[in-house]
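This briefing concerns a single structure, shown below.

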Amino acid sequence: MIIDDNDDDFEATERALRKSSNLANPLIRCSDGAEAWDMLNNQDNLLPALILLDLNMPGLDGRRLLARIKQDERLCVIPVVIMTTSTREEDVSQCYAMGANTYVRKPVSWNEFSEAISRLHDYWFHFALLPKQV
């Protein structure tokens, strides 16, 4: 699941994921935290294996959504990767304190961005052991 209000960032992430791998799972996009929260709480939907979360979105922003996810007994096991332009130390510290699994600055160039997404994909889907979906 990708939660990002920026269409260009979503499209770049999707393109980089498709370039670096054969996606076995469907890619779900939510354009804000409220939409993501509704989707995550819909019992008819399967839970995502991984969440890529932007911090700076209108309404329910990434920080508040992260807190909700990590406080929810059913959702807290989903790895959450913060992908944002912010390099502020207080953002990094706060996100880790709330339970973020990784904090990644969105690279500026396409090549760096593509490489970052490829490495994230490899780590989370080839090396890390993830909980089975219930």
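Which residues are linked in a network of salt bridges? In this predicted model, the network joins Asp61, Arg63, Arg88, Glu90 and Asp91.

**Salt bridges**

- The count of salt bridges comes to 10.
- Lysine 106 and aspartate 4 meet through their side chains in another salt bridge, at 2.7 Å from N to O.
- This pair links distant parts of the chain, 102 residues apart: lysine 106 lies in the loop between E5 and H5, and aspartate 4 lies in the loop between strand E1 (2-3) and helix H1 (7-20).
- Lysine 106 and aspartate 4 are both buried.

**Strand E4 and its burial**

- Strand E4 spans residues 80-84, and five of its five residues are buried.
- Both faces of E4 are covered, with Val80, Ile82 and Thr84 on one side and Val81 and Met83 on the other.

- On one pairing, E4 runs parallel to strand E3 (residues 51-53), with three bridges between them.
- Isoleucine 82 in E4 is the bridge partner of leucine 53.
- E4 also pairs in the parallel sense with strand E5 (residues 102-105), over four bridges.
- In that pairing, methionine 83 stands opposite valine 104 in E5.

**Crossover units**

- A right-handed β-α-β unit is made by E3, helix H3 (residues 62-71) and E4.
- E4 also takes part in a right-handed β-α-β unit with helix H4 (residues 89-97) and E5.

**Helix H5**

- Helix H5 covers residues 110-127 and has 18 residues.
- From its first C-alpha to its last, H5 reaches 25 Å, close to the 26 Å expected at 1.5 Å a residue.
- The buried residues of H5 are Phe113, Ser114, Ala116, Ile117, Ser118, Leu120, His121 and Trp124.
- An α-helix has 3.6 residues a turn, so residues three or four places apart point the same way.

Note on methods
Residues numbered from 1 in each chain as written. Predicted model: local features only at pLDDT ≥ 70, side-chain atom pairs only at ≥ 80, totals over all residues. Heavy atoms only, no water. Buried < 20%, exposed > 50% of the residue type's maximum accessible area, 1.4 Å probe, protein only. Helix = DSSP H or I, 4+ residues; strand = E, 2+ residues; numbered from the N terminus. Pairing = 2+ DSSP bridges. Right-handed = clockwise from strand over helix to strand, strands pointing away. Expected span 1.5 Å × (residues − 1). Salt bridge = Lys/Arg side-chain N within 4 Å of Asp/Glu carboxyl O.
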